[in-house]
Protein chains: 4
Amino acid sequence: MKTTNEYGATLLETMGTDLSVVNAARVSFDKESDWVSDNDPVEPSHVVLSARDQKLIHYLAKEGHWSPFAHAFLKFRVKAPIFVARQLQKHQVGLSWNEVSRRYVDSEPEFYVPREWRKKAEDKKQGSSDEVVSVDLTYEDMFLDALIGVPLANYNGLLEQGVCPEQARMVLPQSTMTEWIWSGSLYAFSRVCKERLHPSAQRETRWVAEDISQALATHFPVSWQALGPKDSINVS
Amino acid sequence: MKTTNEYGATLLETMGTDLSVVNAARVSFDKESDWVSDNDPVEPSHVVLSARDQKLIHYLAKEGHWSPFAHAFLKFRVKAPIFVARQLQKHQVGLSWNEVSRRYVDSEPEFYVPREWRKKAEDKKQGSSDEVVSVDLTYEDMFLDALIGVPLANYNGLLEQGVCPEQARMVLPQSTMTEWIWSGSLYAFSRVCKERLHPSAQRETRWVAEDISQALATHFPVSWQALGPKDSINVS
Amino acid sequence: MKTTNEYGATLLETMGTDLSVVNAARVSFDKESDWVSDNDPVEPSHVVLSARDQKLIHYLAKEGHWSPFAHAFLKFRVKAPIFVARQLQKHQVGLSWNEVSRRYVDSEPEFYVPREWRKKAEDKKQGSSDEVVSVDLTYEDMFLDALIGVPLANYNGLLEQGVCPEQARMVLPQSTMTEWIWSGSLYAFSRVCKERLHPSAQRETRWVAEDISQALATHFPVSWQALGPKDSINVS
Amino acid sequence: MKTTNEYGATLLETMGTDLSVVNAARVSFDKESDWVSDNDPVEPSHVVLSARDQKLIHYLAKEGHWSPFAHAFLKFRVKAPIFVARQLQKHQVGLSWNEVSRRYVDSEPEFYVPREWRKKAEDKKQGSSDEVVSVDLTYEDMFLDALIGVPLANYNGLLEQGVCPEQARMVLPQSTMTEWIWSGSLYAFSRVCKERLHPSAQRETRWVAEDISQALATHFPVSWQALGPKDSINVS
């Protein structure tokens, strides 16, 4: 029985930098910026975005001028359980999504097993509280058997009897893992992250958003600082 | 145990007609068309699209001039199992989707139980054959128990122990029913239908596409004839 | 010489109400709202959105949950000079645009003549100041002749010599009037208006945004109050 | 008087290759392809797409499975007259556009002067015939003066009198040159090109589409062969 409690997003490719954002905006004035030296004595060739260009990016984000952020792109490979994939799949404006399909694939599925169960929140909109519930199921035996073993046995049973995978998959739980290629603009991914890093987002979904925001912070540090949630550093 | 083998899309609202499509195209020439009488002796006030306007719609569809089809809109309420919802959710360009969430809802779920299981197709890309498999599970007892009873009992058990619904739902199978409001342009829905009425589409998903195409055929008869699959009449 | 200093947007059709927004959001909780009586003694059948539903709309707007606003739609016919159309044409996400084309139309064009010329702003980003410049051109003769008469005579001259309209139009000024059908969701139009009602938007473009926002305010009063600029009442 | 009869699109950046398209599609089957050697005796390390992967790309294009083509991206800087920009601006789904603005820029404008004027077509939908009209204007003097000199003098006159550039620009003809940064997916640009390389497209617009399709052919040779018009080689 293949189980996991780890998943996330892996960056595959990027196009553009913070300077692309700046220059997409500066074209309005028919101007172009360039990197400037930060006078690093150790690495003299090191260049950064000028203070003026950094200010421009913050101005664009603050005023909602999003189009300059839509000329840079990222591509990820994401692995997550289906109930998480379904939440992320809602973000589609400016994003492309191609996913493993259990219509075509009938290999042994893998299942997400949470490290801990969270308590129901008092406020329904909250989704869950931070309190951990010790459920009356032992992870090692009954739990895995009841939650994964039975559906998996049924899935395999259906396949063995010749049932098509596209129907058989309906007996698999929403904790079944899936994978997809996800591409889009810096702007589109910053919207995903902003919404899914929010404290009210489901924690299982936040983990994917954290991986993506990490890539944004590395490759587009100034833009992500300007576009991201103001308290994005300590979200987890 | 709430089960069903029926689901589909219900039309809630529409805006525009085939004439809206015609007039969105005719604006290029600064012209406007109107309905014409079809000289019905029984109902003299009955009006239809002129032959010339019908020809225009077919011309637009054939040449891929899709923008005139994007000024008319439809809104549906759809009910379907999650594995079907996931396929339809891939169509998002120009469509809006708001769905029941089991983060917030913990009422007794309903499950889809197929009337018959289809055999695996020889060609993987086909998804399934037309042949029915008689699976070694009696629908009345073991099947429902193993496929739905066990996951449902586990779901309820987790909820009773105070686990948050947003986590508990992961044990529910992908046959769990969901519902959503789905809105968009005539063009956007015609793309969904064209892809999901295709013989290679999964039959469970085709049922929803058939309901939607029925609404398109009723409210936009000329446009749907022009945009739809050429063999759309006998798709089921 | 056909000139005008008036133009704007005319509402052609709408689908949905503030209640559609509410119910697209409430579907998450599998709930549905309805209109409530406002106990109007004069018109007892008069119904409005409940206080709770009004609060929900403001909450959705504040939190950036835009999808419920994308299940209601509007269609406009807009008339404006080309330099204004070009600014509005930048808003295309979720909007459809079909326009009169001077590739196909060679009727006498109409020109926009401003009632007054505004002074250049000190701050370039501002676009223009509120101060009026009295330009050294008399509107009645030299101005119209130089700015419109000469290009128009050249346009007509080219056409008379057999030049195709698609090329001849390049001599027409950007004050030439055009018309288009513009459709999209309540959300998409609220974004257009929010950006183009901003004090830094060009005044000529603001006029169109004001017409559209008027339609939003009439047909979706609660949503527009929640989505619109906080100072939208006295923008002009 | 700055005039030109040359313009077009310059590729600035790309992300991905034909192999990205293949692997975005193969993820459905949880497979991954790689480049293969073409056994070039001169350059042994030279790699290409396998015959099987080439076939897959053609299959995807033929069946309208466009999402795998939306994980690769291109960025261009385009220079064109306004009447051409307006046609291209209609393509916005999945594309980002940031342009020089004459609200902010008041430098000497440049104008497009056609090398030849084409005759009006018999069929209005055609736009223009291939026949050249020798217009009764000498390019060197009267033409430039009437078509460009007068509007330019008026533009400069308005600016000198303090009129804001955002209003003054309305007297400039639609032959005024503009520039923009244009980014989007391989799929989005292939749609632009397919429509604008069509024989019925305006020739001035086709020039930009030709530059873009050249970049597509260079960087995504298999995909562009599959997505492009079947007669794309001799379009001009």
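Analyst: Two strands are said to pair if DSSP finds at least two bridges between them. The model discussed here is a predicted one. Strand β6 (residues 95–99) of chain D and β10(D) are joined in the antiparallel sense by five bridges, and the criterion asks for at least two, so they are called paired. Within this pairing, D:E99 stands opposite D:W180 of β10(D).

User: What makes strand β5 of chain D a partner of β10(D)?

Analyst: The same test is applied. Strand β5 (residues 73–81) of chain D and β10(D) run antiparallel and are joined by nine bridges. As at least two are required, the two strands therefore pair. One of the positions concerned is D:K79, whose bridge partner in β10(D) is D:E179.

User: Why is strand β10 of chain D described as largely enclosed by the rest of the structure?

Analyst: A residue is buried when its relative accessible area is under 20%. Nine of the nine residues of β10(D), residues 177–185, are buried, so the strand is largely enclosed by the rest of the structure.

User: Which element gives the most to the side of chain D that touches chain A, and how many residues of each chain are in contact?

Analyst: Contact requires heavy atoms within 4.5 Å. By that rule, 32 residues of chain D are in contact with 32 residues of chain A. The area buried between these chains is about 2,600 Å², with carbon and sulfur atoms giving 59% of it. There are 16 residue pairs in polar contact between chain D and chain A, both residues at pLDDT 80 or more. At least two residues each of the side of chain D that touches chain A come from β2 (8–15), α1 (18–26), β5, β6 and β10 of chain D. The element that gives the most is β10(D), with five residues.

User: How do you know that chains B and A are related by a two-fold axis?

Analyst: Chain B can be laid on chain A by a turn of 180° and a shift of 0.0 Å along the axis, with an RMSD of 0.0 Å. That is the relation of a two-fold axis. In chain B, the C-alpha nearest the axis belongs to B:P173, at 2.0 Å. Of the interface residues of chain B, 100% are also interface residues in chain A, so the copies meet through the same surface.

User: What makes helix α1 of chain B mostly covered, and which residue caps its N-terminal end?

Analyst: Nine of the nine residues of α1(B), residues 18–26, are buried, among them B:L19, B:V22 and B:R26. The cap is B:T17, with a side-chain oxygen 3.1 Å from the backbone nitrogen of B:L19; a polar contact requires N or O atoms within 3.5 Å.

Notes
Residues numbered from 1 in each chain as written. Chains lettered and ligands numbered in written order. Predicted model: local features only at pLDDT ≥ 70, side-chain atom pairs only at ≥ 80, totals over all residues. Heavy atoms only, no water. Least-squares fit on C-alpha atoms with pLDDT ≥ 70 in both. Buried < 20%, exposed > 50% of the residue type's maximum accessible area, 1.4 Å probe, protein only. Helix = DSSP H or I, 4+ residues; strand = E, 2+ residues; numbered from the N terminus. Buried area = accessible area lost by both parts, 1.4 Å probe. Polar contact = N/O pair within 3.5 Å; in protein donor to acceptor, adjacent residues only side chain to side chain.
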